[in-house]
Amino acid sequence: MTSNFQNIDRIIQEKGAEKKSLIPILQAIQHEYNYLPEEALKYLAEKTSITPSEIVGVASFYKQFRMQPAGKHLVKICVGTACHVKGASLVHDAFRRHFNLPQGTDTDDTGEYTLEKVSCLGCCTLAPVVQVDDITYGHVAPDQVDKVIADFESQQGKKGAKKFRKADGTEIKGEIRIGLGSCCVASGSGEIEQEVESVVNRSGLRVKLKHVGCVGMCHQVPLVEVVPNEGEPTLYAKVKPEDVKRIIESHFEPPGILSKIKSRLFHFAEEIQTDRNWDGVQRYEISMREKPVASFLGNQIPIATEYRGIINPLDIEDYQRRGGFSSLKKMFEMLSPDQVVEEVKKSGIRGRGGAGFPTGVKWEFVKKEKSEVKYLICNGDEGDPGAFMDRMLLESYPYRVIEGMIIAAYAVGIHHGYFYIRAEYPLAVKRVRKALEICRENNFLGNDIMGSGFDLELNIYEGAGAFVCGEETALIASVEGSRGFPRIRPPFPAQKGLWGHPTLVNNTETMAQISYIIREGAEKFSGIGTHGNTGTKVFALAGKVARGGLIEVPMGITIHEVVEVIGGGIANGKKFKAVQIGGPSGGCIPAEYADTPIDYESLTAMGAMMGSGGLVVLDETDCMVDMARFFLSFTQDESCGKCTFCRVGTRRMLDILENITAGKGKPGDIEELEKLAEWTKKGSLCGLGKTAPNPVISTLKYFRNEYEAHINGVCPTGKCTGLITYSVNDDCIGCTMCAQKCPVDAIPFTPHEKHSIDTGLCIKCDSCRAACPVDAIDVK
Amino acid sequence: MIKLKINNREIQVEEGTSVMKAAQQAGIDVPNLCWHDELEHFTSCMLCLVKDGRNGKLIPSCSIEATNGMDVITDDDEVAEARKTALELLLSEHVGDCEAPCQVACPAHMNIPLMNRLIAAGKFDESLEAVKRDIALPAVLGRICPAPCEGACHRKTVDEPVSICMLKRFVGDKGTGNVIAPAEETEYKVAVIGAGPAGLAAAYYLRLRGIKVTLFDKADKAGGQLRTEISSDILPPDVLDKEIAAILQTGVNFQGGKSIDAEMFAEIRKEFNAVVVASGTIGDESSGFGLKATPKGFVVDKNSYQTSIENVFAIGNALRTSRLAVRSVGQGKEVAFSVWQYLCGQPVKGESRIFNSRFGKLVSEEFSEFMKESAPAKRNYPDAGGDHGFSAEEAVAEAKRCLHCDCRAIDDCKLRIYSDRYQADQKRFKTSERRKITKLTTHSTLVYEPQKCIKCGICVRLTEKEGEKFGFTYVGRGFDVEMGVPFNEELEQGLTETAEKVAKSCPTGAISFKTTCPPE
């Protein structure tokens with residue numbers, strides 16, 4: 001067998017033959033074969049000092065590694081929070097049905113497609129999202145699965161095919177959005193709408209007309225936004241009917257007629273989707289990412305996201321023109337390492353990874369350690385369903401993060417650092433890699449940086465898919481080439497970290513804010529936010545909000561401001577119910593506490609957590625027990641399995657929640673769940689287990705009545721499929737739409753007669769209800 | 001030196017000592033499963049949680065170094081509840097029986113699997129010894145017992161239960177003499193009133209403890225209802241005589257033809273250190289004994305059989321009328337233990353039953369796993385007809401059908417010991433379907449039962465430290481993680497030099513020796 005593995009010899013030569021190279025080696029092998037063939041691993045064990053036990057232990061720990069060959073195409077179904085609340089699990093079930101996958105398999109029998117659940121693709125406003133290889137489909141409904149696959153197949157082999165298309169094959173050039181909030185309507189948006197329609201119809205343009213809810217800029221109404229497929233969307237304020245024609249022509253006519261009447265107010269680098277009346281599927285290119293929502297009414301302050309939408313991620317000159325690397329100049333010329341630490345301490349910045357430990361104090365700890373060798377790690381192992389700010393920062397502002405790392409390294413006295421980036425973020429890895437290269441070329445990295453005499457080498461370490469590696473001790477274990485098991489602290493990484501040396505681990509967002517502090521001074525930073533919670537925080541705003549995306553807001557801003565003003569309130573006129581903050585470690589805060597300021601202490605007091613910054617807005621149709629189940633199923637799946645309370649405790653909590661949501665709950669379950677949540681929190685080894693019960697505890701605190709209703713056999717929002725039945729009411733017009741859409745033939749094809757649903761066959765996929773033109777499907 | 005307080009006691013330990021070791025040095029036991037003296041701490045089982053009195057937080061004591069000024073509490077209610085909860089979580093995924101279901105079902109709690117294995121090995125005298133540890137009248141019961149054990153037998157789910165009762169009869173018939181010698185004679189004197197199955201058993205087990213026993217019965221010959229109520233076709237008198245003789249031969253002073261009335265009872269109480277009343281359903285005679293009673297029988301403590309009078313114990317039909325002789329025989333054994341506690345001045349609590357892990361019914365996917373250690377043959381019936389019992393060959397063949405349901409680590413399983421200590425309830429987290437049991441039996445000296453594993457990782461860490469080529473590794477992660485040999489190699493490949501050490505270090509019965517005792 002040995003003769004066939006020259007490729008593995010090459011990989012070993014490239015990556016090294018030691019244990020610390022194990023994960024990169026496995027990644028390379030998987031790249032070759034699309035899985036990890038056992039023979040290849042055996043060969044690896046023979047040729048290196050890495051033991052079979054280490055190889056199998058590591059390969060089976062990380063999600064990225066596959067022990068069986070995968071299909072030719074990978075269908076990734078996002079089951080992040082935003083997608084979940086918009087029905088991702090129904091979509092997932094529909095794909096399973098489409099590929100006819102029996103339980104326990106995820107590749108169809110032709111070997112063409114492999115189905116995979118992923119925790120967040122970072123396109124929350126397009127939820128539910130499905131990615132087939134490198135094409136992203138947004139707003140996928142369960143009954144569109146066939147179309148998605150058909151469309152994907154039709155695109156195979158077509159070079160340069162249009163990336164934005166409807167499933168019927170027509171091209172969409174873009175869309176025009178008209179604000180239909182009450183202020184807009186009062187100011188005459190109705191007239192504008194008519195005018196837009198007539199202009200579009202006369203010109204024959206293929207442009208979609210969309211209505212959006214209130215966008216919060218009520219003093220600028222009426223608003224019209226033009227969103228071409230390529231280039232920046234543009235928002236026009238105080239539009240008069242006579243402006244409409246020229247606005248549209250300036251975007252969709254051939255270039256040349258540049259009648260610049262537009263009052264270009266804001267860059268609007270975000271796709272707003274408030275209604276979903278799509279027939280076909282919508283497809284986007286892979287780089288389709290959530291971009292920051294522009295600042296309305298000035299309540300956003302971009303620090304980590306400074307110059308968003310303007311700066312070219314890899315253009316180092318552009319970055320420098322806008323103040324980039326000027327903090328380094330200032331630091332090397334004027335500040336001693338001690339002074340830098342002092343400045344960071346004075347700024348009051350706290351770790352943005354979730355726990356909120358004062359960054360300057362952490363630096364001081366590592367600085368104090370007497371050791372020749374110290375390491376710096378930028379923690380970019382974001383894995384939260386519904387949080388993708390680290391990815392956005394690494395993709396869009398790699399230099400800013402590097403600048404922060406140089407400052408940290410100089411202050412603490414470190415000469416080796418790592419970017420720990422999830423391998424699921426290929427674009428981030430690519431950008432940072434390129435940025436590091438350019439920095440080396442420009443002497444921002446390497447020896448004698450900018451003539452200062454300070455040396456720093458930074459490298460990338462690609463994570464392999466384990467949420468627990470966001471925990472710093474697990475992250476370090478992972479860099480060392482081991483399973484991502486956390487360790488007890490103390491000793492803290494500051495004392496004994498990577499390979500036993502003092503190690504500073506900071507979150508990506510923290511790093512992205514450091515250069516601002518040095519450049520502008522600690523006082524300016526600490527002037528933002530509130531006492532004890534200074535500066536800004538980036539959130540991924542998603543869910544049932546009219547306007548989702550990434551926002552950067554000062555600490556201490558209230559939930560109300562974020563949801564109503566920045567997010568534009570709840571879409572589709574539903575009632576605001578709660579926000580889920582902090583992802584699987586966080587909790588749900590109900591609408592009546594919307595005046596809670598967003599800071600570390602207030603959120604913790606409410607039973608939520610800053611976490612990594614997911615902020616998912618829920619409306620009255622969301623089931624809180626299902627939300628708790630959703631988050632717990634995530635953490636349970638991500639538990640490393642080291643300690644009893646997390647490994648078994650989260651599993652048993654999930655069992656109870658699954659029973660409750662399946663209608664199998666019994667008296668006493670709620671109390672047992674509560675007790676077990678308390679013990680899992682108290683008894684777990686690391687942050688993952690200690691915070692995993694939070695979504696359960698907070699929903700039990702604020703929405704206990706919903707739990708009780710489930711025990712009594714009722715899901716108040718009709719979300720839990722085990723507790724609902726579908727039926728047809730008397731409004732039915734006998735149009736057969738439902739019967740046509742039903743994937744399991746539970747609705748007999750009876751034209752012109754009232755339809756009926758065979759509840760024995762019904763799989764509660766919701767296709768009939770979505771298809772019915774007259775709301776004749778009841779869910780009870 | 002580090003100075004700290006543990007349970008309010010000032011102690012000093014060397015720097016670098018873990019809190020758990022510090023407690024142990026102070027003579028305070030801290031339970032642990034994932035700890036191994038030759039390995040670094042791993043912080044997995046969380047049984048060693050103790051409280052840091054300064055902030056009220058629970059800390060895993062095996063992994064945290066003692067520091068100056070620490071104020072550790074190892075034994076308050078919260079700590080106990082933490083450990084109990086951890087155990088209950090572990091037990092919820094620990095799929096296996098401690099004692100075999102037959103033994104649990106047996107009213108006399110007889111070690112049936114051991115008997116079966118000894119018969120299968122042709123060691124008939126040893127098998128009689130094993131039986132007589134719990135059952136004083138095996139040949140008798142082997143003929144009249146309704147065999148609740150066979151109702152519980154896992155083999156019943158596969159095809160038919162092991163013919164346990166018939167095997168016991170074989171052992172009783174075949175075995176010779178008194179296989180268990182009584183302990184050294186003591187000065188204690190105990191009277192047993194009534195020589196039916198309960199009284200005979202009590203007399204026998206009291207004798208084995210070296211107690212001087214006088215056994216009274218109103219009939220001239222011992223045997224009680226065994227002699228009067230059962231037809232001689234079923235229980236031939238010579239079988240009964242032989243077995244009673246064996247009991248009396250241990251040195252029991254049998255006083256036949258003596259009805260004990262109230263007056264005599266008072267005298268006996270004076271003359272003897274303790275009295276065991278086994279005189280059958282209560283009637284006019286015994287009502288004058290002055291013992292608290294209901295119309296059904298005497299009132300006793302259900303564990304110790306102690307009556308309202310401290311040195312008087314009552315068993316058998318004197319408690320309530322039952323036709324289950326095996327229960328009476330079992331009570332005879334148990335009361336001997338209580339009487340012994342009384343005589344020695346210990347608290348009289350009776351023989352406590354230690355914690356038993358149970359997994360319930362065997363399911364069809366598991367049949368083949370259990371059959372790996374068993375003979376596939378159908379249940380044997382004596383060729384010569386039921387009245388004649390098994391021949392030696394038949395008995396051996398039948399005994400080989402036993403599935404070895406009892407755990408090999410039954411006596412030294414830390415999970416069991418702690419579950420008993422903290423009164424853990426295995427059913428608390430019975431929230432989903434259990435895992436299916438598998439048994440890896442290909443190793444020459446070991447058996448690996450993955451579903452008993454509690455994922456402490458000792459096997460992985462030990463084989464790594466000892467430099468096994470394959471060793472053990474974690475396969476998968478989270479709740480579904482299992483320990484196994486990498487690349488699905490044979491168990492024999494994974495555990496070579498370290499096999500014995502790993503088996504000894506496994507805190508449960510997941511990896512254990514094939515034979516019940518380690519090879520010398």
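Predicted model: local features only at pLDDT ≥ 70, side-chain atom pairs only at ≥ 80, totals over all residues.

Colleague: OK. How many residues of chain A are in contact with chain B?
Modeller: On chain A there are 32, and they meet 35 residues of chain B.

Colleague: Which element gives the most on the chain A side?
Modeller: H24(A), with ten residues. Other elements giving two or more include helix H3 (38–47) and helix H25 (669–683) of chain A.

Colleague: And how do the residues on that side divide?
Modeller: Twelve are nonpolar, ten polar and ten charged on the side of chain A that touches chain B.

Colleague: Switching to helices: at what angle do H6(A) and H7(A) pack?
Modeller: About 65 degrees, and their axes are 9 Å apart.

Colleague: Which residues meet there?
Modeller: From H6(A) you have Ala94(A), Phe95(A) and His98(A), and they meet Val145(A), Asp146(A) and Ile149(A) of H7(A). That contact divides into four nonpolar residues, one polar and one charged.

Colleague: Now chain B. Do E3(B) and E4(B) run parallel or antiparallel?
Modeller: Antiparallel, with four bridges joining them. Leu49(B), for one, has Pro60(B) in E4(B) as its bridge partner.

Colleague: What's in the turn?
Modeller: The two strands form a hairpin with four residues between them, and Gly56(B) in the turn has a positive phi of about 75 degrees.

Colleague: How many bridges join E3(B) to E5(B)?
Modeller: Two, and that pair runs antiparallel. Asp52(B) has Val72(B) in E5(B) as its bridge partner.

Notes. Residues numbered from 1 in each chain as written. Chains lettered and ligands numbered in written order. Contact = placed C-beta atoms within 7 Å. Nonpolar A, V, L, I, M, F, W, Y, C, P; charged D, E, K, R; others polar. Axes fitted to C-alpha atoms, helices over the stretch in contact; angles between N-to-C directions. Pairing = 2+ DSSP bridges.
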